Amino acid sequence: MGPLQALSLLLLASLASSAAPPPSGYRSMLAHIDSKLGFTNAQLMRRAVHRSRLRAATTLPGYSTTSSRSSTGPRLRSGQAEYLMELAIGTPPVPFVALADTGSDLTWTQCQPCKLCFPQDTPVYDPTTSSSFSPVPCSSATCLPIWSRNCTPTALCRYRYAYGDGAYSAGGLGTETITFGSSAPGEAPAASAGGVAFGCGTDNGGDSYNSTGTVGLGRGSLSLVAQLGVGKFSYCLTDFFNTSLGSPVLFGSLAELAASGGAAVQSTPLLQSPQIPSRYYVSLEGISLGDTRLPIPNQTFALRADGTGGMIVDSGTIFTILVESAFRVVANHVAEVLGQPAVNATSLDNPCFPAPAGERQLPAMPDMVLHFAGGADMTLHRDNYMSFDEEDSSFCLNIAGATSTSTSVLGNFQQQNIQMLFDITVGQMSFVPTDCSKL
């Protein structure tokens, strides 16, 4: 071997050894979409309930949907979300404030040149100025989950997402570098992941909810979780009414749970529905209020072979939604504890109970416990299932019922200050009570 060859090999070896390995974990923060708008607690609740109804109407089996096919690819069902996630996209990185959605897979952002774009506070991402952008052809396996018809050898991958309130995004699929975190003093250092497939939306309409796009955190191959190759993520939602607090979302090695305040980490298997396979389903086996196991039949929440039934764990729906028979049992037992019927006792909306004159705080209430398969018990303290409505001076149970679907949903109000871990590789959801503001 000549001296030049030896020197070349030495330089290559040196470069290889000095190249930083990809991060094993990533961290970002979630902010509630109404966090900077100065709403009262009652206003925050009403707005979130409205969005949740739209989300349920477009994503739960049995609800009506406006989903249809489009000439540029499938028009996919998805729904509104409640939390914004701060990222950056491209090289150099451009700020990307996205709706975090555990119910969908595709990550997309508005792109230049805009055929139609909604207003955003940050510059619209332009793929022509990014050195790390690559378009995805429709013949690519990456394109298959969103468009598999009328593909030609020269065609690029196209997508279209539609939402229940009339919002939509359409454009082309590309790959890019996504950056997590910040280089600001006192914050977690930035970490980047390259080659992430995303939707470059040049035709977008509707209410953006203060975002520039969506981050898909579902179970499919296009989800950010799957593309990072880390296999798991967790989030920890802070107090719903304290909008100044951010909520951490963690991926990979950073997502691990630790016992907190004497509470043990508990785990239950993740199930999958053939109807909406991107969703995180679990098996709820019963509910207790205080020391009383409520009289709800064991199979009420079972996921059936045809994909109906079951319980979805969702960060984008505020209230837990129970099938009507179970909802009536829970609402009636809460009424017994409070010693009075609900004002809206015949409705499937969350029931509210008049507060005594001059009372401005919730009374003492027993814990509610959700019993999941595998012996995992999720304890909900009073403030995780009740709230005080200052406008109507009433105590409200933040659980709703549904007749048009056999599927139930574990909402984000019930997940406050509980760190939730979704391990796609193992097929398991774990959780532990945590002060999320300190995570």
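A salt bridge is a side-chain nitrogen of Lys or Arg within 4 Å of a carboxyl oxygen of Asp or Glu. With that in mind, select Asp435 and Lys438, which form such a bridge with their closest N and O atoms 3.8 Å apart. Before going on, note that this is a predicted model, in which local features need pLDDT of at least 70 and side-chain atom pairs count only at pLDDT 80 or more, while totals for chains, interfaces and linings use all residues. Residues are numbered from 1 along each chain as its sequence is written, and side-chain values use heavy atoms, with hydrogens and water left out.

**Salt bridges**

Colour the selected pair by accessibility, where buried means under 20% relative accessible area, exposed over 50%, and partly exposed in between, with a 1.4 Å probe and protein chains only. Lys438 is exposed at 71%, whereas Asp435 is partly exposed at 35%. A search of the whole structure finds eight salt bridges, and two others can be visited here.

Select Glu391 and Arg46 next, whose side chains meet in a salt bridge at 2.7 Å, N to O. Glu391 sits in the loop between strand E23 (386–389) and strand E24 (394–397), and Arg46 belongs to helix H2 (residues 41–59), so this pair ties together parts that are 345 residues apart in sequence. Helices (H or I, at least four residues) and strands (E, at least two) are DSSP runs, numbered from the N terminus. Glu391 is partly exposed, with a relative accessible area of 47%, and Arg46 is also partly exposed, at 46%.

Then move to Asp383 and Arg382, where the side chains meet in a salt bridge at 3.0 Å, N to O. Asp383 has a relative accessible area of 42% and is partly exposed; Arg382, at 26%, is partly exposed.

**The nonpolar cores**

A nonpolar core is a set of buried Ala, Val, Leu, Ile, Met, Phe, Trp, Tyr and Cys residues joined through side-chain atoms within 4.5 Å. The largest one has 74 residues, and those with the most contacts inside it are Met85, Phe251, Ile287, Phe372 and Met420. Helix H4 (residues 324–338) supplies the largest share of this core, eight residues. Domain 1 (25–56 + 81–254) and domain 2 (266–433) both give residues to the core, so it lies between them; the domain bounds come from an automatic or database domain assignment.

Centre the view on Met85 and show its contacts, meaning heavy atoms within 4.5 Å. Not counting residues up to four places away in sequence, Met85 touches a set of residues including Leu30, Phe96, Phe180, Val249 and Phe251. A second, separate core of 15 residues includes Leu106, Trp108, Cys157 and Tyr161.

**Helix H4**

Select residues 324–338 to see H4 by itself. Its expected span, 1.5 Å times one less than its number of residues, is 21 Å for 15 residues, and the end C-alpha atoms are 21 Å apart, which agrees. Among the buried residues of H4 are Phe327, Val330, His333, Val334 and Leu338. Just after the helix, Gly339 takes a positive phi of about 75 degrees.

**Ser223**

Finish at Ser223, in the loop between strand E11 (213–216) and helix H3 (224–228). Is this Ser223 buried or exposed? Ser223 is buried, with a relative accessible area of 0%. Leaving aside neighbours within four places in sequence, Ser223 is in contact with Asp105, Gly216, Leu217 and Gly218. The C-alpha atoms of Ser223 and Leu106 are separated by 5.7 Å, although these residues are 117 apart along the chain.
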